[in-house]
Amino acid sequence: MPNQPQREIPPDRALLYYAGMLLTAVGMLLFLSVFVSGCMNFGNFDHFEERARGEMARAFGGMVLMAVGQGMRALGAAGLAGSGVVLDPQKARKDLEPWSRSAGGMLADALDEAGLAKTTDAPAPPPVVKVRCRGCAALNDEHAKFCNQCGQPV
Ligand SMILES: [Zn+2]
């Protein structure tokens, strides 16, 4: 395994993803087969009720398989946290990392930038206070005792 296995989607999750995909495909085939056999038997009303019941079961089973397959895929792709099963943000961040990295690392970049912006924000410089001379209206430093223009005490 590479040096940073925590940065890759764990193999069990990848397996879950592909198993979910397979399950979805099987469910879809099962579901579609109902319509195919329905078309082939169109106009044939022998044992109609019996067949209809079997097809209903197949259609329903197909739908369930597809739903479960989709759920497994979502879990495999984003992890428990990413798919909303676990709401611990610390865990979510870790689970989502391979995902956000595959998306160009935009999420990570945004998070890094936000952190960087916060740390490099220099403390605001103290406000410069000037005192206007009453005699000549020149601006003097706030601690000046005498005006730098006319020499009057400020
Ligand atoms: Zn002055």
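## A zinc site and its helical surroundings

With angles of 100 to 116 degrees among its four donor atoms, the site of the zinc ion is tetrahedral, a label given to four donors if all angles lie between 85 and 135 degrees. The ideal angle at a metal with four tetrahedral donors is 109.5 degrees. The model is predicted, so local features need pLDDT of at least 70 and side-chain atom pairs count only at pLDDT 80 or more, while totals for chains, interfaces and linings use all residues. Residues are numbered from 1 along each chain as its sequence is written, and side-chain values use heavy atoms, with hydrogens and water left out.

The zinc ion is held by the SG atoms of Cys 133, Cys 136, Cys 147 and Cys 150, at 2.2 to 2.3 Å, where donors are N, O and S atoms within 2.8 Å of the metal (3.2 Å for Na, K and Ca), and sites may look incomplete because water is not among the atoms. Along the chain these donors follow the spacing C-x2-C-x10-C-x2-C. Cys 133, in the loop between β1 (130-132) and β2 (139-141), and Cys 150, in the segment after β2, are 17 residues apart, and the pair links distant parts of the chain. Cys 133 is buried at a relative accessible area of 5%, and Cys 147 is also counted as buried at 5%, whereas Cys 150 is partly exposed at 38%; buried means under 20% relative accessible area, exposed over 50%, and partly exposed in between (1.4 Å probe, protein chains only). The count of disulfides is zero, a disulfide being a pair of cysteine sulfur atoms within 2.5 Å.

The loop between β1 and β2 also holds Ala 137, which has a positive phi of about 70 degrees although it is not a glycine. Most residues other than glycine have a negative phi. With a relative accessibility of 38%, Ala 137 is partly exposed.

Taken as a whole, the protein has four helices and two strands, in the order α-α-α-α-β-β along the sequence; helices (H or I, at least four residues) and strands (E, at least two) are DSSP runs, numbered from the N terminus. Of the 154 residues in the protein, 17% are buried.

Tyr 18, in helix α1 (residues 11-40), is exposed at 53% relative accessibility, and its C-alpha lies 8.5 Å from that of Met 72, 54 residues away in sequence. Gln 70, in helix α2, is partly exposed at 38%, and its C-alpha is separated by 8.8 Å from that of Tyr 17, 53 residues away along the chain.

Helix α2 (residues 48-82) also contains Val 64, which is partly exposed with a relative accessible area of 39%. Together with Phe 60, Met 63 and Val 68, Val 64 makes a nonpolar surface patch of about 360 Å². Patches are made of residues with over 30% relative accessible area and no salt bridge, like charges being joined within 9 Å and nonpolar side chains (Val, Leu, Ile, Met, Phe, Trp, Tyr) within 5 Å; a salt bridge is a side-chain nitrogen of Lys or Arg within 4 Å of a carboxyl oxygen of Asp or Glu. Accessible areas come from the Shrake-Rupley method with a 1.4 Å probe, and for residues only the protein chains shown count as cover.

Conventions:
Tetrahedral: all angles 85-135°; square planar, octahedral: opposite > 155°, others 65-115°.
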